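Here is a friendly briefing to read alongside the structure. Have the sequence and the 3D view open as you go through the points.

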Amino acid sequence: MNKRWSKEVRGLLQKKKRKESNRFIVEGRKNIEELLRSDLTIECLFYTEKLHSIIDKYDNKSIAVLQETTAELLKQNGHLQTNDSGLAVVHIPTTSIPHSTDLEDLSLALDNVKDPGNLGTILRIADWYGIKNIFLSKECTDAFAPKVIASTMGAFTRINVHQVDLIELLTQYKQDNIAILGADMVGTDIHAYKSNQKSVVVMGSESHGISENVSGILNEKITIPRYGQAESLNVAIATAIICDNIVRK
């Protein structure tokens, strides 16, 4: 990795540079392998001997810069201190906001979710349950931040993430007969809830829940019943429980 690429990669650790250049970084063996399987555009890939067999499997991929390097250089320039396999610079995909008729039965919306680890885990949960679209409010953390991508374990290659004016979009979906549900401490028991139409489930911030303006759009609030004394659930764990109950029914 020469000085030019070292500077480029380190710059992409910052949100401003990712936005300006429309690129992000992907690190680690699992995420690199998922990336190579995907249709995402890879600008460059720096790898160690640990990725030889994987790269050989995908030798048909068009990558402008494909260069062997050392684990030490990967650690010095990337986000992960445990990365001894590879680091790629990737173009941020362009995804159009789906019309209500194109939505799957279940989609997710996140309102002001700040923690990158939680966001990455929610993408991974969505991937597990076959959810294709996640809508982020403008206040959410950057979906292409290194910590988010690392937490997805490859799910970032299969989920369409849209950062939107959440109030405007949910209002339009509601007018188109999409059920807008919101996770709350008080509401319909998720174990008893049954959906008979396309739905978007809104998950609120870790500390404040769903904002007042978004809450005013909801068709219904749903809740996970509490049997113990814990004050709250982590937003990613709550998302998994809600998705499991809705998908099963």
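Arg 37 is partly exposed because its relative accessible area is 47%, which lies between the 20% and 50% cut-offs. Please keep in mind that this is a predicted model.

- Glu 34 and Arg 37 sit 3 residues apart in helix H3, so about one helical turn separates them.
- Why can residues spaced like this meet? An α-helix has 3.6 residues a turn, so residues three or four places apart point the same way.
- Lys 30 and Glu 34 are both in helix H3, which covers residues 29-37, and they are 4 residues apart, about one turn of the helix.
- Is Glu 34 buried or exposed? Glu 34 is buried, because its relative accessible area is 7% and the cut-off for buried is under 20%.
- Lys 30, by contrast, counts as partly exposed, at 37% relative accessibility.

- Which residues are linked with Lys 30, Glu 34 and Arg 37 in a network of salt bridges? The network also takes in Glu 33, Lys 57, Asp 127 and Arg 158.
- Across the model, the count comes to 11 salt bridges.
- Another of these salt bridges joins Asp 244 and Arg 248, with the closest N and O atoms 2.8 Å apart.
- Asp 244 and Arg 248 both belong to helix H10 (residues 235-248) and are 4 residues apart, about one turn of the helix.
- Asp 244 is partly exposed because its relative accessibility is 25%, whereas Arg 248 is exposed, with a relative accessible area of 57%.

- The buried residues of H3 are Asn 31, Ile 32, Glu 33, Glu 34, Leu 35 and Leu 36.
- Which elements cover them? The cover includes strands E1, E2 (42-47) and E4, together with helix H4 (52-57) and helix H7 (146-152).

**The sheet**

- E1, E2 and E4 also belong to an open sheet of 4 strands, whose order is E1-E4-E2-E3 and whose pairing is mixed.
- Strand E1 (23-27) and strand E3 (65-68) are the edge strands, each pairing on one side only.
- From one strand to the next, the twist averages 10°.
- E1 and strand E4 (residues 86-91) run antiparallel and are joined by 5 bridges.
- Which residue in E4 does Phe 24 stand opposite? That residue is Val 90.

**Helices H6 and H10**

- Two packed helices are described by the angle between their axes and the distance between the axes.
- For helix H6 (residues 116-128) and H10, the axes come within 9 Å and cross at roughly 15°.
- That makes H6 roughly parallel to H10, because angles under 35 degrees count as roughly parallel.
- The crossing of H6 and H10 is right-handed.
- On the H6 side, the residues in contact are Asn 118, Thr 121, Ile 122 and Ile 125.
- On the H10 side, they meet Val 235, Ala 236, Thr 239, Ala 240 and Cys 243.

Definitions and conventions
Residues are numbered from 1 along each chain as its sequence is written. This is a predicted model: local features need pLDDT of at least 70, side-chain atom pairs count only at pLDDT 80 or more; totals for chains, interfaces and linings use all residues. Side-chain values use heavy atoms; hydrogens and water are left out. A salt bridge is a side-chain nitrogen of Lys or Arg within 4 Å of a carboxyl oxygen of Asp or Glu. Helices (H or I, at least four residues) and strands (E, at least two) are DSSP runs, numbered from the N terminus. Buried means under 20% relative accessible area, exposed over 50%, partly exposed in between (1.4 Å probe, protein chains only). Two strands pair if DSSP finds at least two bridges between them. Axes are lines fitted to C-alpha atoms, for helices over the stretch in contact, and angles run from 0 to 180 degrees between N-to-C directions. Angles under 35 degrees count as roughly parallel, over 145 as roughly antiparallel, 65 to 115 as roughly perpendicular and the rest as oblique. A crossing is left-handed if the near helix is turned anticlockwise from the far one by less than a right angle, and right-handed if clockwise. Contact means heavy atoms within 4.5 Å.
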